[in-house]
Amino acid sequence: MDLDVYVTAHRAEWERLDHLLSRGGKLTGAEADELVALYQRTATHLSLIQSSSPDPMLTARLTQLVARARATVTGARRASWRDALHFLTAGFPAAVYRSRRWWIPAALLSTLVAVIIGWWIAANPDVQATIGAPAELREMTRPGGQYETYYSSHPAASFAAQVWTNNAQAAAVCLVLGAFLGIPVLWILFLNMLNLGVGIGLMSAAGRLDVFLGLILPHGLLELTAVFVAAGTGLRLGWTVIDPGPTTRRVALAQQGRAAIGMAMGLALVLFVSGLIEGFVTPSGLPTWARITIGVVAELAFLAYVYVLGGRAARAGETGDVALPDRSAELPTAA
């Protein structure tokens, strides 16, 4: 496409649209119809220029013009409690449900890696020696040692807040770095499973694996599920870079990126719940079976939330993306 010729052919339309927008709401019926038609045509012009002959200055000018026109045509829209309710009951669970083919394999493979690492460490004293000196390992694994006192070393409220912040940051990093072909996400997953595997291995070698699982499972089931969902979403975003599907790579990444932002907010709420369990339930004086039961109930509630509400919303066409009026204009693509 010859950009100079294209600009010459359509400059008058852009200037006319700018003129109509500058008049605010003082338009006749015919002028309002003209503004809508010019907005649609200019959005198409912008998409063509971005895909064929991207020019930074022209693209910025038309982007601003289209944004102004869309705000005038659709009107200002403010988020409401209805939007939040829709997000919690449809958008977020549907997005998690639709990405299940990514995060479920990630969960299964990651858990297998953690178990293998734990078995390897427990079965090889030489490997244990590379982790720490015998006295240090005994201090970590003995009754009342570091593994047990870690969860009660700080006031419950501050500890829960700290855990929530750290886990939410880890989930957000998985979602953000997924665009880099998913490679950083795999590394983050491995580090998490390595830490878990070390704990399994050392406590198993000390004959106290039951104690370790009693401390990890109450909050770890929900916490790790949230991490796996974030990782699966990040990997899906990375695959979109490789295979965008029937749409352009830019449009596909925009769709997946918007859904990932929503996932980050939803997972922050899930991790908040797991943080509360880790801060108040895990170090509590409740029997081990009661603490584990609370963790299992929280995990089953989340899975039911995803598969019941999310599955229903996904079958109804919900994708987790923002509402159609809030998306940027896009050109249709051939199948």
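Reply: Let us start with α5, whose buried residues are Arg 100, Trp 103, Ala 106, Ala 107, Ser 110, Ala 114, Ile 117, Gly 118 and Ile 121; helices here are DSSP runs of H or I with at least four residues, numbered from the N terminus. This is a predicted model, in which local features need pLDDT of at least 70, side-chain atom pairs count only at pLDDT 80 or more, and totals for chains, interfaces and linings use all residues. Residues are numbered from 1 along each chain as its sequence is written, and side-chain values use heavy atoms, with hydrogens and water left out.

Me: Why is Ser 110 counted as buried?

Reply: Buried means under 20% relative accessible area, exposed means over 50%, and partly exposed lies in between (1.4 Å probe, protein chains only); Ser 110 has 7% relative accessibility, and therefore counts as buried. Ser 110 touches Leu 189, Met 193 and Phe 228, leaving aside residues up to four places away in sequence, where contact means heavy atoms within 4.5 Å.

Me: What does the side chain of Ser 110 reach?

Reply: The side chain of Ser 110 reaches the backbone oxygen of Ala 106 at 2.6 Å.

Me: Against which helices do the buried residues of α5 pack?

Reply: They pack against α4 (81-98), α6 (125-131), α10 (183-205), α11 and α13.

Me: Why is Arg 41 called partly exposed?

Reply: Arg 41, which has its place in helix α2, has a relative accessible area of 39%, and is therefore partly exposed.

Me: What makes α11 roughly parallel to α13?

Reply: Helix α11 (residues 209-242) and helix α13 (residues 288-315) pack at an angle of about 10 degrees, with their axes 7 Å apart. Angles under 35 degrees count as roughly parallel, over 145 as roughly antiparallel, 65 to 115 as roughly perpendicular and the rest as oblique, so α11 is roughly parallel to α13. The axes are lines fitted to C-alpha atoms, for helices over the stretch in contact, and the angles run from 0 to 180 degrees between N-to-C directions. Among the residues making the contact are Leu 217 and Leu 221 of α11, and Ile 292 and Phe 302 of α13.

Technical notes. Helix = DSSP H or I, 4+ residues; strand = E, 2+ residues; numbered from the N terminus. Polar contact = N/O pair within 3.5 Å; in protein donor to acceptor, adjacent residues only side chain to side chain.
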